[in-house]
Amino acid sequence: CPRRTQVRRMKKLLGLARPGKAGSQSYRDWWNSVSGTMEEAYVATIAPTNEAEYRSRGWNGDTNSFGARHFIEECGLDRTSRVLEIGCGIARIGREMAPHVGEWHGADISANMLKHARERCHGLSNVFFHELDPHAGLAALPRASFDLVYATIVLMHLDKEDVFVCLKQARELLKTEGWAYFDTWNILHPDVFRICGEAARTGDAKPRGRAQCSTPAELRV
């Protein structure tokens, strides 16, 4: 069940339609438009906050997503592990995970998000960023080279066709014994169903970065 601040954020994202632009914006344009400053990027990726709280959530997670500690412990990551986060934003998790792994790679569609992420990860020599091509997705990244590929609070912002392609491409990036983790909002949860209903938009009025939901069975398929 999402915490209150996350619910408020999702209401904003679901209903943040900019007149005359919502239907035509690309993922890249939309995410750049909501992350011009670091403060805006905080809001777009979690909620109004400060750097200290943001770092704490990056390590410990919160009621809506896991943090670096969970991935390190559950996946047995160490200083030899090579990790990729899809939709890394401003490196909330990566900033905290990088000191504990061999390499941490963050991929995102937004140049603004990556600019802020680089600022937050300044001084970490094992951090690498990749600005994703809007058409190729993950295709340019090295195949079978990551011990963990994950995306948290990301798939919910993609159209269903793009979710399918993202998961398919992610599989190709994993080593044979690699780990993968993905999450999204469950439309069958009463809070999520209510929020989606309250913020529903139709036709070309739908903002590109809106949250979209799946059922557990749909995501497994």
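Author: Here are some short notes on pockets, rings and charges. The model is predicted, so to speak of local features a pLDDT of at least 70 is needed, side-chain atom pairs count only at pLDDT 80 or more, and totals for chains, interfaces and linings use all residues. Residues are numbered from 1 along each chain as its sequence is written, and side-chain values use heavy atoms, with hydrogens and water left out.

Reader: What volume does the largest pocket have?

Author: About 680 Å³. A pocket here is an open set of points on a 1 Å grid over the protein atoms alone, where a 1.4 Å probe fits, with protein on both sides within 12 Å along at least five of seven lines. The volume is the space filled by probe spheres set on the points, which are joined across faces, edges and corners.

Reader: Which helix gives the largest share of the lining?

Author: H8, with four residues. Helix H2 (27-33), helix H3 (38-45), strand S1 (82-86) and helix H8 (160-173) each supply at least two. Helices (H or I, at least four residues) and strands (E, at least two) are DSSP runs, numbered from the N terminus.

Reader: How many of the lining residues are nonpolar, polar and charged?

Author: The lining has 19 nonpolar, nine polar and six charged residues. Ala, Val, Leu, Ile, Met, Phe, Trp, Tyr, Cys and Pro count as nonpolar, Asp, Glu, Lys and Arg as charged, and the others, Gly among them, as polar.

Reader: New topic. How many aromatic pairs are there?

Author: Seven. Rings of Phe, Tyr and Trp (its six-membered ring) pair if their centres lie within 6.5 Å; planes under 30 degrees apart are stacked, over 60 edge-to-face, the rest tilted. Take Phe66 and Phe71: their ring centres are 6.3 Å apart and their planes are at 85°, so this pair is edge-to-face.

Reader: Is Phe71 buried or exposed?

Author: Phe71 is buried, at 1% relative accessible area. Phe66 is partly exposed, at 33%. The cut-offs: buried is under 20%, exposed is over 50%, partly exposed is in between (1.4 Å probe, protein chains only). Ring pairs also link Phe66, Phe71, Tyr150 and Tyr181 into a cluster.

Reader: Which ring does Arg82 lie over?

Author: Phe146, at 5.0 Å from the ring centre. Arg208 lies over the face of Tyr27, at 4.5 Å. The rule: NZ of Lys or CZ of Arg within 6 Å of the ring centre and within 35 degrees of the ring normal.

Reader: What about salt bridges, how many?

Author: The count is 13. Each needs a side-chain nitrogen of Lys or Arg within 4 Å of a carboxyl oxygen of Asp or Glu.

Reader: Which residue does Arg82 meet in a salt bridge?

Author: Glu103, at 2.8 Å, N to O. Arg82 is in strand S1 and Glu103 in strand S2 (residues 103-108), 21 residues apart. Arg82 is partly exposed at 23%, and Glu103 is partly exposed at 26%.

Reader: And which residue pairs with Glu96?

Author: Arg55, at 2.9 Å, N to O. Glu96 lies in helix H6 (residues 94-97) and Arg55 in helix H4 (residues 51-60), so the pair ties together parts 41 residues apart in sequence. Glu96 is buried at 9%. Arg55 is partly exposed at 32%.

Note on methods
1 Å grid on protein atoms, 1.4 Å probe; cavity = no way out; pocket = protein on both sides within 12 Å on 5 of 7 lines; lining within 4 Å.
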